[in-house]
Amino acid sequence: MSSDPLLQPYQLRHLTLKNRLMISSHEPAYPEDGMPKERYRAYHAERARAGVALTMTAGSASVSRDSPPVFNNILAWKDEVVGWMKQLTDECHDHGCAVMIQLTHLGRRTRWDKADWLPVVSAGHEREPSHKAFPKKAEDWDIARIIEDYADAAERMQAAGLDGIELQAYGHLMDQFWSPLTNDLDEPYGGNLDNRLRFTFDTLKAIRERVGPEFIVGIRYTGDEDLPGGLTRQDGLEISHRLKDCGMVDFLNVIKGHIDTDAGLTDVIPVQGMRSAPHLDFAGEIRAETRFPTFHAAKIQDVATARHAIASGKLDMVGMTRAHMADPHIVAKIMRGEEERIRPCVGANYCLDRIYQGGMALCLHNPATGRELEQPHQIPQADEKRRVVIIGAGPAGLEAARVAAERGHEVILHEAASDPGGQIRLTAQTPRRAEMIQIIQWRFSECERLGVRFHFNSFADADTVLQDKPDVVIVATGGLPHTELLEAGNDLVISSWDILSGDVRPGSNVLIYDDAGDYPALQAAEKIAATGAKVEIMTRDRSFAPEVMAMSLTPSMRELQKREVTFTVMWKLDAVRRDGNELLAMIGSDYGGVTKERRVDQVIVNHGTRPLDDIYFELRPGSINLGEVDYEALINGRPQKVTHNPEGGYQLFRIGDAVAARNTHAAIYDALRLVKEI
């Protein structure tokens with residue numbers, strides 16, 4: 001048996017978990033009609049197949065109709081969920097992986113205008129800042145009904161063959177009863193801590209009456225709300241002891257903080273640039289105090305930290321949830337002695353941010369996650385070896401090279417710069433976004449291992465490419481900033497890239513016009529504001545930086561608000577002209593009828609990129625397909641067979657920002673789904 005602490009089995013009552021790694025409950029928003037169908041099952045089965053000991057589904061499955069699924073949650077109140085959960089559970093069990101599900105009533109953490117338009121219910125009338133619904137204060141019949149709903153849902157999960165359930169008690173209804181900030185009820189469910197916990201213990205009692213003493217039941221809860229007037233650390237310790245002593249709970253899954261605001265949620269589930277494993281020591285204190293099975297997950301993104309969590313006795317099971325989104329084969333790679341090949345989670349939080357904006361979870365770094373039915377995590381070998389020439393070593397070009405090399409092709413890559421990375425090298429200049437460079441480092445390392453031939457400082461033209469005698473050419477040259485959008489004065493403005501690269505020094509009174517809504521404007525603002533300059537970010541949108549999304553915006557907002565950066569929405573930059581030593585910015589509005597001016601010494605425009613595509617058009621006439629992509633074949637996983645020029649010498653494709661300005665995920669996804677069929 002291995003001596004690795006992570007690979008030791010763990011006995012949770014009658015359930016033997018084969019190692020100490022788990023995927024904590026989370027909702028990737030893959031359900032269809034509220035059910036965990038094929039996509040959902042394939043996602044969990046991939047990670048089970050690779051060796052994880054426990055996968056927890058749903059974050060969280062809804063137990064009641066008046067808990068509408070704002071995150072496309074599983075509907076655990078429907079009887080039909082049993083069949084779907086059984087299929088998922090059986091497949092994971094076939095790989096020796098235990099399966100649990102998180103059950104909840106969202107309480108005020110939802111919207112009244114979703115699903116059946118029933119009133120939102122909570123232990124008081126205080127609305128949650130994030131979802132903004134004013135809740136109904138629960139009546140006695142609401143409480144009795146919801147307790148029964150929890151018991152019904154638990155019974156369904158037992159019938160589906162799951163190993164256990166986890167109740168959710170942070171930010172949802174259960175701890176809305178716990179917290180003095182949200183519980184405004186009279187006795188018997190309001191007032192002192194005994195009364196505020198009564199709903200939880202009544203629910204546990206009802207569940208146990210249905211599922212018996214052997215079915216595993218745990219609870220994921222906040223041990224410290226970290227809010228003035230909220231649950232304190234001492235409250236959390238007391239609650240922890242009561243949960244242990246009640247005899248109805250088998251494990252504690254502890255977190256610290258609150259999730260009622262974007263900033264609070266981000267502190268509970270930290271993102272890029274924030275401290276790794278910030279609540280691990282706190283979870284360890286709970287375990288030391290209670291001597292009870294303790295689980296925990298919060299930005300434990302690397303194997304070394306996970307191993308420390310187990311070896312030091314802080315945890316019994318360690319959750320690496322977003323890390324398994326980036327690489328579902330973490331356990332398999334540990335067991336093979338290939339830890340250095342684990343695709344790292346870079347904390348970009350594309351997964352969670354998309355869920356909170358109504359999309360399904362996708363990994364910025366791994367486009368096969370959530371697409372297990374269509375895209376492979378392990379690249380199959382090609383039937384015929386070909387020579388693939390790639391221009392550009394950004395994320396798209398490196399992914400194309402990696403996938404082509406995995407296919408067994410001979411791969412040659414030309415890059416004009418002296419190092420790989422493309423736009424990500426600029427992104428990583430901001431210290432709190434430095435983790436992004438791992439997207440490049442991992443791919444470059446894999447390419448070197450696979451024998452890709454790199455030519456750096458190679459500004460390839462058509463002749464350079466043709467000398468390589470390619471069978472396939474992939475143009476991944478990216479784009480350059482586009483700033484020419486003004487009626488006048490385009491020559492007086494600079495781009496965000498100019499600031500981030502250091503090519504232009506920051507001014508002292510700066511207007512940033514953000515017409516793309518992505519990271520570069522924010523990063524430029526941070527760099528400029530750090531010099532003490534006055535900075536204003538302006539956008540024609542109703543909100544700023546919509547492409548950055550809520551949780552990823554939090555660290556940036558903290559920095560920019562500290563520097564007193566001004567944010568102006570629903571105004572647009574029309575023109576710039578010079579006036580002595582200053583610039584006069586002419587400001588208009590899409591709503592019409594009003595203009596104003598700004599006097600500044602520097603104007604920055606963030607308006608995305610335009611493709612750097614000269615070499616693509618040089619190569620088009622000599623290609624077999626004249627650059628055309630068969631979209632149906634691309635989407636449905638078939639090889640590209642377009643032939644417009646039978647005398648051509650090679651297939652030609654372009655990907656990423658060499659096509660149009662999008663994002664890192666789109667660039668990598670372009671490469672994977674195209675090249676896996678070459």
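The entries below cover cavities, a pocket and the nonpolar cores.

**Entry 1: before starting**
I reminded myself that this is a predicted model.

**Entry 2: the largest cavity**
I looked up the volume of the largest cavity and got about 520 Å³. Its lining takes in 36 residues, and nearest the centre I noted Ser25, His26, Tyr170, Ile269 and Leu352. I then checked which elements give two or more residues to this lining: strand 3 (21-26), strand 4 (54-62), helix 7 (262-268), helix 10 (321-326) and helix 12 (350-356). By residue type, I wrote down 19 nonpolar, 12 polar and 5 charged for the lining of the largest cavity.

**Entry 3: the second largest cavity**
Here I found a volume of about 100 Å³. I listed 14 lining residues, with Cys345, Ala348, Asn349, Cys363 and Leu364 nearest the centre. Helix 10 and helix 12 each supply at least two residues of this lining, and helix 10 holds the largest share with 3 residues. The lining of the second largest cavity splits into 10 nonpolar, 3 polar and 1 charged.

**Entry 4: an open space**
Next I turned to the second largest pocket, which contains about 580 Å³ of space. It is lined by 27 residues, and Ser130, Asp262, Tyr356, Gln357 and Ala550 are the closest to its centre. Which elements give two or more residues to the lining of this pocket? I found helix 7, helix 12 and helix 19 (550-562). Helix 19 gives the most, with 6 residues. For the pocket lining I noted 15 nonpolar, 7 polar and 5 charged residues.

**Entry 5: the nonpolar cores**
I moved on to packing. The largest nonpolar core has 107 residues, and the ones with the most contacts inside it are Ile101, Leu103, Ile165, Trp178, Phe199 and Ile219. Helix 3 (residues 140-159) brings the largest share of this core, 8 residues. I also found a second, separate core of 43 residues, with Leu362, Val388, Ala428 and Val675 among them.

**Entry 6: a closer look at Ile101**
I picked Ile101 from the list of residues with the most contacts inside the largest core. Leaving out residues up to four places away in sequence, I saw that Ile101 touches Ser25, Thr57, Ala58, Ala61, Ile74, Met85, Met157, Leu162, Gly164, Ile165 and Glu166. One of these partners, Ser25, is also among the residues nearest the centre of the largest cavity.

Note on methods: Residues numbered from 1 in each chain as written. Predicted model: local features only at pLDDT ≥ 70, side-chain atom pairs only at ≥ 80, totals over all residues. Heavy atoms only, no water. 1 Å grid on protein atoms, 1.4 Å probe; cavity = no way out; pocket = protein on both sides within 12 Å on 5 of 7 lines; lining within 4 Å. Points joined across faces, edges and corners; volume = space filled by probe spheres on them. Helix = DSSP H or I, 4+ residues; strand = E, 2+ residues; numbered from the N terminus. Nonpolar A, V, L, I, M, F, W, Y, C, P; charged D, E, K, R; others polar. Core = buried A, V, L, I, M, F, W, Y, C linked by side-chain atoms within 4.5 Å. Buried < 20%, exposed > 50% of the residue type's maximum accessible area, 1.4 Å probe, protein only. Contact = heavy atoms within 4.5 Å.
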